[in-house]
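Q: Please take a close look at a single part of this model, one residue pairing and what surrounds it. I would like one connected account, with the cut-offs behind each term.

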Amino acid sequence: MRTRPIDAAWTAETWGWPRGTGIMGRRPLRGSDRGSDHTARTGPSVHFSGHTEGVTEPCCPPDLTTRSACPQCGAVATPVDSLTVRALVTPSALKRFLPGSFCFCATPACGTVYFSGGQQYLTTDVGVPVWQKEPFGERAVCYCFGENEADMRREIAATGASAAAARVREHIAAKRCACEIRNPRGVCCLADVIAAVKRVQA
Ligand SMILES: [Zn+2]
């Protein structure tokens, strides 16, 4: 069983996300949309060392550094922990699951969500709507706390701004997130929430 603690200190030190904030991503950036340690996990490359493909699944995450092209649309897809795949595909899809190094395809028009080798899981194989592949307007972009475009729009209309990101940050600080098994992308949704507010405001 996986016993890793899900806390910011662990994620910053262990996952070592380089994206955007680089090493600064390990510290909260006040007044910045870049957020906290938690957001550091949204980067594209993590590294687990000392694991062998297959044998250590499912107790140890595989190497998540390898990006691959989606077999359906050809776009470069981001690695995702197989735990996320197992947690989010439907029961019938899970029955054909095989351990592997999975990637998540975010291409809106592509029906593939996860793939690894010859395995492919489509939007119809995933138990929740994958917002990247849904039409803009009402989408829930935060799978832990339900922040969504419809509420953002109402909030902006009523108050001139959306506090969605601030709310998510509070939940992150309280260690309430379960992004690994709730968000189809398997990572913190804060950056997605921030981007969604901007889209809705535009
Ligand atoms: Zn694709």
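**A cross-strand pair and its setting**

A: Threonine 78 stands opposite phenylalanine 104 in β3. The model is a predicted one, in which local features need pLDDT of at least 70 and side-chain atom pairs count only at pLDDT 80 or more, while totals for chains, interfaces and linings use all residues. Residue numbers start from 1 along each chain, following the sequence as written.

Strand β2 covers residues 76–80 and strand β3 residues 102–104, and the two pair in the antiparallel sense over three bridges; strands count as paired if DSSP finds at least two bridges between them. Strands here are DSSP runs of E with at least two residues, and helices are runs of H or I with at least four, both numbered from the N terminus.

β2 also pairs with β1, again in the antiparallel sense, over two bridges, and there serine 68 has alanine 77 of β2 as its bridge partner. The hairpin of β1 and β2 has six residues between the strands, and in this hairpin glycine 74 takes a positive phi near 85°.

These strands belong to an open sheet of five, ordered β1-β2-β3-β4-β5, with antiparallel pairing. Its edge strands, β1 (68–69) and β5 (119–122), each pair on one side only.

Around the sheet, the chain has seven helices and five strands, which follow one another along the sequence as α-β-β-α-α-β-β-β-α-α-α-α. Of the 202 residues in the chain, 36% are buried, that is, with 20 or more other C-beta atoms, placed from the backbone, within 10 Å of their own.

Among the helices, α4 (residues 149–159) and α7 (residues 190–201) have axes that come within 9 Å and cross at roughly 55°, the axes being lines fitted to C-alpha atoms over the stretch in contact, with angles from 0 to 180 degrees between N-to-C directions. That angle makes α4 oblique to α7, because angles under 35 degrees count as roughly parallel, over 145 as roughly antiparallel, 65 to 115 as roughly perpendicular and the rest as oblique. Glu149, Met152, Arg153 and Ile156 in α4 meet Ala196, Val197, Val200 and Gln201 in α7, with contact taken as C-beta atoms, placed from the backbone, within 7 Å.

Note on methods:
Two residues are in contact if their C-beta atoms, placed from the backbone, lie within 7 Å. A residue is buried if 20 or more other C-beta atoms lie within 10 Å of its own, exposed if 12 or fewer, and partly exposed in between; C-beta atoms are placed from the backbone.
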